[in-house]
Amino acid sequence: MKLKVLGSVSPYQKGKYNCPGYLIETSDKKILLDCGNGITRELKLPDDLYNLTIIISHLHRDHYGDLLTLGYATYVYQKLGLLKEKVKVYIPKEESCDKAYLESLNEHFFEFIFYDETNIIEDDVKISFKRNPHPILTYSVKVEDSKNTIVYSSDTGYKNNTLEKFAKDADLLICETTFLQNQKWKEDNHLTTIEAGTISKKAKVKKLMITHTWPEINKKLYQKEVKTIFKNTILAKEGKVLKIGSR
């Protein structure tokens, strides 16, 4: 599997930084984990639309804001005869789903599929889900092939999160690291640097990629703090490509 970072900051895009998005390529499939604001400019279109599956971890707009843009791109390329099959878009199944937003995507070539924690998607890879604490229904995502495992935390609090088990022994954990240790936040619905490092250490993951950082703060400050707990920590940066399983 190969991973390309399309977006790494929240809650808004700025300059060269986009909101969350991560493109995984397998032997013949592409999986887009979240579709945050700005990520479309990191895609190669129409090529990246072929055999593409999009998974939206939760319905906060920094994680699906570019669906409107990408949906219109699928519509145009389908009309041009360059896209033959609809792009599957998996969305958490809940009554509070932003139906009005999805209905506004009236010019698209998408197939919307609602999922929950019981669903497993199997093709040349296996994709599974685990709910984690956040103000709205939110799932972490695990992508496995015969050799390697990538886990994406999405957004989560620290107490009662399931990542220690769900990401156990993963080759790569893409983990939200929203706050530096000295930042204050009233609710437990995002992770600090120390919490992200602690989860990675307990889960015994091989590599940690920290993401979902503030666009106004130097990313290296996050990395420095996380490394006090978990040494093999890298930064998510737009355009960065990793071959999973290689050093």
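Predicted model: local features only at pLDDT ≥ 70, side-chain atom pairs only at ≥ 80, totals over all residues.
Contact here means heavy atoms within 4.5 Å.

**Stop 1: helix α4**

Select residues 193-203, helix α4. Colour Thr193, Ala196, Gly197, Thr198, Ile199, Ser200 and Ala203: these residues are buried. Now show what covers them. The cover includes α3 (163-166), β11, β12 and α5. Step past the end of the helix to Lys204. Its phi is positive, near 60°.

**Stop 2: helix α5**

Move to α5, residues 219-226. Which residues of this helix are buried? Select Lys219, Tyr222, Gln223 and Val226. Look down the axis of α5: the buried residues fall within an arc of 95°, so they line one face of the helix. An α-helix has 3.6 residues a turn, so residues three or four places apart point the same way. Turn to the other side of α5, where Lys220 and Lys224 are exposed.

Next, display the cover over the buried residues of α5. It includes α4, β12 (208-211) and β13 (233-235). Then zoom in on the N-terminal end. Asn218 caps it, with a side-chain oxygen 2.8 Å from the backbone nitrogen of Lys220.

**Stop 3: Ser8**

Jump to the loop between β1 and β2 and pick Ser8. Is Ser8 buried or exposed? It is buried, with a relative accessible area of 0%. Show its contacts, leaving aside neighbours within four places in sequence. Among them are Tyr17, Asn18, Cys19 and Pro20. Thr211, His212 and Thr213 also touch Ser8, as do Ala236 and Glu238. Lys219 is another contact of Ser8, and this lysine is one of the buried residues of α5. For a distance check, pick the C-alpha atoms of Ser8 and Ile39. They are 9.4 Å apart in space and 31 residues apart in sequence.

**Stop 4: the nonpolar cores**

Select Leu3, Ile55, Ile127 and Met209. Of the 27 residues in the largest nonpolar core, these touch the most other members. Elements giving two or more residues to this core include β1 (2-7), β2 (21-25), β3 (30-33) and β8 (126-131). β9 gives the most, with 3 residues.

Centre on Ile127. Beyond neighbours within four places in sequence, Ile127 is in contact with Ile31, Ile55, Asn119, Ile120, Ile121, Val141, Lys142 and Val143.

Finish with a second, separate core of 22 residues, which includes Leu70, Ala73, Val87 and Val89.

How values were computed
Residues numbered from 1 in each chain as written. Heavy atoms only, no water. Buried < 20%, exposed > 50% of the residue type's maximum accessible area, 1.4 Å probe, protein only. Helix = DSSP H or I, 4+ residues; strand = E, 2+ residues; numbered from the N terminus. Arc of directions from axis to C-beta. Polar contact = N/O pair within 3.5 Å; in protein donor to acceptor, adjacent residues only side chain to side chain. Core = buried A, V, L, I, M, F, W, Y, C linked by side-chain atoms within 4.5 Å.
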